[in-house]
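Reader: Please place the sequence and the model before us, and let us then proceed by question and answer.

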Amino acid sequence: MRLDKYLKVSRIIKRRTVANEACAGGRVSLNGKVAKPGAEVKVGDEMTIRFGDKLGRYQILAVNETVRKGDAAEMYRILSEDAGMDAERS
């Protein structure tokens with residue numbers, strides 16, 4: 001599955017256009033490498049997303065084409081969610 005679609009289906013990012021922009025802007029990494037919106041996502045991959053000063057790391061547990069809202073969080077595991085990363089580096 002494409003990375004931008006996975007982000008939307010898993011509801012990590014609510015809209016696919018926003019997911020696409022995040023990937024195209026270099027704010028999403030897959031297995032340690034900056035990933036484009038069309039990058040293929042597989043079970044076991046690790047994903048890092050930067051939103052402003054927030055940095056989130058996730059492990060992909062399932063790749064489903066569709067999922068109900070209540071079950072979306074079961075598609076990934078949160079490895080870490082840190083705030084203030086940019087402030088610490090300044």
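Reader: In the hairpin of β3 and β4, which residue takes a positive phi near 60°?
Author: This is a predicted model. In it, β3 and β4 pair in the antiparallel sense over 6 bridges. Their hairpin has 2 residues between the strands, and the residue with a positive phi near 60° is G52.

Reader: Which residue stands opposite Y58 in β4?
Author: Strand β4 covers residues 54-60 and contains Y58. The strand pairs with β3 in the antiparallel sense. The residue opposite Y58 is M47.

Reader: How many bridges join β4 to β5, and what is the bridge partner of L55?
Author: The strands β4 and β5 run antiparallel and are joined by 7 bridges. Within β5, the bridge partner of L55 is D82.

Reader: Is β4 largely enclosed by the rest of the structure or largely open, and how many of its residues are buried?
Author: A residue counts as buried under 20% relative accessible area. Strand β4 is largely enclosed by the rest of the structure, because the number of its 7 residues that are buried is 5.

Reader: Why is the pair of Y58 and Y76 edge-to-face rather than stacked?
Author: A pair of aromatic rings is described by the distance of the centres and the angle of the planes. Planes over 60 degrees apart count as edge-to-face, provided that the centres lie within 6.5 Å. By this rule the count comes to 1 aromatic pair. The ring centres of Y58 and Y76 are 5.6 Å apart and their planes stand at 85°, so the pair is edge-to-face.

Reader: Which side chain does D45 join in a polar contact?
Author: D45 lies in the loop between β2 (33-34) and β3 (46-51), and at 5% relative accessibility it counts as buried. Leaving aside residues up to four places away in sequence, D45 touches several residues, including L30, E40 and Y58. The polar contact of D45 has a length of 3.0 Å, and its partner is the side chain of N31.

Reader: Which residue forms a salt bridge with K5, and how many residues apart are the two?
Author: The closest N and O atoms of K5 and E65 are 2.5 Å apart, and the two residues form a salt bridge. This pair links helix α1 (residues 3-9), which holds K5, to the loop between β4 and β5, which holds E65. K5 is partly exposed at 24%, as is E65 at 49%.

Definitions and conventions: Residues are numbered from 1 along each chain as its sequence is written. This is a predicted model: local features need pLDDT of at least 70, side-chain atom pairs count only at pLDDT 80 or more; totals for chains, interfaces and linings use all residues. Side-chain values use heavy atoms; hydrogens and water are left out. Rings of Phe, Tyr and Trp (its six-membered ring) pair if their centres lie within 6.5 Å; planes under 30 degrees apart count as stacked, over 60 as edge-to-face and the rest as tilted. Helices (H or I, at least four residues) and strands (E, at least two) are DSSP runs, numbered from the N terminus. Buried means under 20% relative accessible area, exposed over 50%, partly exposed in between (1.4 Å probe, protein chains only). A polar contact is a pair of N or O atoms within 3.5 Å; within protein, one must be able to donate a hydrogen and the other to accept it, and residues adjacent in sequence count only if both atoms are side-chain atoms. Contact means heavy atoms within 4.5 Å. A salt bridge is a side-chain nitrogen of Lys or Arg within 4 Å of a carboxyl oxygen of Asp or Glu. Two strands pair if DSSP finds at least two bridges between them.
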